[in-house]
Amino acid sequence: MNPEESCFILQTITKTRASNPEARTLASTLKSSTESMASFSSKASNMFSLSNLPSASTMFSTYASLATSTMLIRSMVNDFIPHQLQSYILSALRSLFAPRQASQLTLIVEEYFSGMNRNQVYEAAEMYVSAIVSPSVERLKVCKAPREKNFTFTIDKGEEVVDCFEGVQLKWRFVCSVDEKSSSTEQRYFEISFNKRDKEKVLGSYLPHVLNKSKDLREENKVVNLYTLGCFYDDMGGGGGGGVWGSINLDHPATFDTLAMDPELKKALIDDLDRFVKRKDFYKKVGKAWKRGYLLYGPPGTGKSSLIAAMANYLKFDIYDLELSQLRYDSELRRLLVATANRSILVIEDIDCSVQLHDRQFDGTYEVPNDQLTLSGVLNFIDGLWSSCGDERIIVFTSNHKDRLDPALLRPGRMDMHIHMSYCTMEGFKLLAFNYHGVKEDHPLLGEIEGLMENTEVTPAEVAEELMKSDQADTALNGVIDFLRRKKMEEEKIKADEKGKEPADCQEPNKEQKSENEGGKKQEKTNKRRNTKSRKSYSRNRRRPTKANPEIFSQ
Ligand SMILES: Nc1ncnc2c1ncn2[C@@H]1O[C@H](COP(=O)(O)OP(=O)(O)OP(=O)(O)O)[C@@H](O)[C@H]1O
């Protein structure tokens, strides 16, 4: 403290000394010490002049007065400045003059940890960094897996990307280094650098944000797979489900937009799916396995397989296409179900056609061996197993004949929603005509088509086939009109023939009745043929109309 500063403090204290005796004493002491300091300062300035070198006694007295002043100032500081303020000032001064410490913290995210365990954070980082690539990056790697829709970009080694999160600036750097011991192994890792003071925010909020964001990105880019028994072809570079299931990309273009079905039913189903995927906590709360069952039934060619593909594309869930006819034992079923992944749809098509299950219901004399599959067994088994393994599972059964299904399947609580896929309605036709040829609502031919469709049962598959016969909208629509007329005439002829025949109980069985009655080998043959077809049915056209009424049932 120089004499001028001491004077200033002295003046300030003098102003208050009239009312405060302690301040009065302090002021007089401070005055004398200020005078001593002033005299010391003038003596010191003279000291450096050789001609005026002070004597030893002068120096001693100066030192003594300086020491007294220092002690006095210290006691003043102790008396007048609060202790916390003192320590704050001290630490500020200390940090000002202390040697400068590094303020940056760097996290290392290695590809592998503890040997060969792949680091989840690294996987997430790869995905995340590719999404925050900035224009400043000079080298980018681009790649695309077979049949993947989008390109994936990753930064090259040594490149840096800057990210901002809730006011925190973070720098990502991708590093590749060759292990000196085994020169063939390349170690890859990310460095994340940020200010040390943001450590808690980065660990507590930023890293979870990176994990979540990368999960979303993965879902966005996810290619839906179709799994079926055996590795008939696996274009993902490995057998899905540990070799039990083989997979291919499901390249099915069906979506809810392309699907001709009752608009209310479609909306109800979409809402149901949306609610299901959001209800993780609800299922946990009520102690139920997080699964949903749908029964799709209706005539062939009404879009049951297309609907499954649309559901898978909508949710980005993989499909496991299970053919019960290929299984003989419970243990096989267990192995298959355990090998399915979360967020998937297990499909059992044409459930009414599964040989043993069908026989059990329709042939009372047939004895089911203990070790063989039965529908009830399968259902009970699936229910039990779902409860203990996996999340977000959907199971879909399809059938062309709901009336032939085992009551165990229809029991309340078994299948959550029963969806009837019916013959083509005018609404459905308009959607198909628009999708195939861009035909608008006011097209002049639509009126005639509507009149014909009211009295004729046609499946969307039949309509789709007619629409595909020409590239010209008018030609295609005229083709549909011809087709509907022919169909109507056929139906009228059948009706007329039936009228002219004997009473109902003496009538010849029709095609469907015949197939029901034939049983045995013929039934088995039909079933096998249908089952082998089911895998392909995600991408084919079929035309096998039967009669049914629109209906939706939801539990
Ligand atoms: N509702 C529909 N909306 C749009 N296209 C449909 C619809 N139904 C059928 N199709 C067309 O018909 C083809 C066959 O339909 P799909 O295989 O989905 O019927 P399905 O009811 O599953 O028949 P099956 O019972 O014989 O398996 C589809 O690829 C599609 O082109």
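Glycine 428 is buried, as its relative accessible area is 5% (buried means under 20% relative accessible area, exposed over 50% and partly exposed in between, with a 1.4 Å probe and protein chains only). This glycine lies in helix α14, residues 426-437, where helices are DSSP runs of H or I with at least four residues, strands are runs of E with at least two, and both are numbered from the N terminus. Glycine 428 and alanine 260 are 168 residues apart in sequence, yet their C-alpha atoms are 4.3 Å apart in space.

The model is a predicted one, in which local features need pLDDT of at least 70 and side-chain atom pairs count only at pLDDT 80 or more, while totals for chains, interfaces and linings use all residues. Residues are numbered from 1 along each chain as its sequence is written, and side-chain values use heavy atoms, with hydrogens and water left out.

A look at the whole chain comes next. The chain holds 19 helices and 16 strands. It has 555 residues, of which 39% count as buried. Contact means heavy atoms within 4.5 Å. Among contacts between residues at least 6 apart in sequence, 69% join residues at least 24 apart.

Within α6, a kink of about 30 degrees lies at tyrosine 206, shortly before proline 208. The bend at a residue is the angle between axes fitted to the seven residues ending there and the seven starting there. Tyr206 is also one of the buried residues of α6, together with Val202, Val210, Ser214 and Leu217. An α-helix has 3.6 residues a turn, so residues three or four places apart point the same way. The cover over the buried residues of α6 includes α5 (120-131) and the strands β1 (104-110), β6 (160-165), β7 (168-178) and β8 (186-195).

The packing of α5 on α6 can be described in more detail. The two helices pack at an angle of about 70 degrees, and their axes are 8 Å apart; axes are lines fitted to C-alpha atoms, for helices over the stretch in contact, and angles run from 0 to 180 degrees between N-to-C directions. α5 and α6 are therefore roughly perpendicular to each other, given that angles of 65 to 115 degrees count as roughly perpendicular, under 35 as roughly parallel, over 145 as roughly antiparallel and the rest as oblique. On the α5 side, Gln120, Val121, Glu123, Ala124, Met127, Tyr128 and Ala131 take part, and they meet Tyr206, His209, Val210, Leu211, Lys213, Ser214, Leu217, Arg218 and Asn221 of α6. By class, this contact has nine nonpolar, four polar and three charged residues. Here Ala, Val, Leu, Ile, Met, Phe, Trp, Tyr, Cys and Pro count as nonpolar, Asp, Glu, Lys and Arg as charged, and the others, Gly among them, as polar.

Two residues other than glycine have a positive phi. Glutamate 166 has a phi near 45 degrees and sits in the loop between β6 and β7. At 53% relative accessibility, glutamate 166 counts as exposed. Aspartate 350, with a phi near 50 degrees, is found in the loop between β13 (344-348) and α11 (355-362). Aspartate 350 is buried, with a relative accessible area of 7%.

Glutamine 169, in strand β7, is exposed at a relative accessible area of 55%. Its C-alpha atom is separated by 6.3 Å from that of phenylalanine 194, 25 residues away along the chain. Leaving aside neighbours within four places in sequence, glutamine 169 is in contact with Val162, Asp163, Cys164, Ser193 and Phe194.

Aspartate 321 belongs to strand β12 (residues 318-321) and is buried, with a relative accessible area of 0%. Not counting residues up to four places away in sequence, glutamate 466 touches Ala476, Gly479, Val480, Phe483 and Arg486. Of these, alanine 476 is ten residues from glutamate 466 in sequence and 6.7 Å away, C-alpha to C-alpha.
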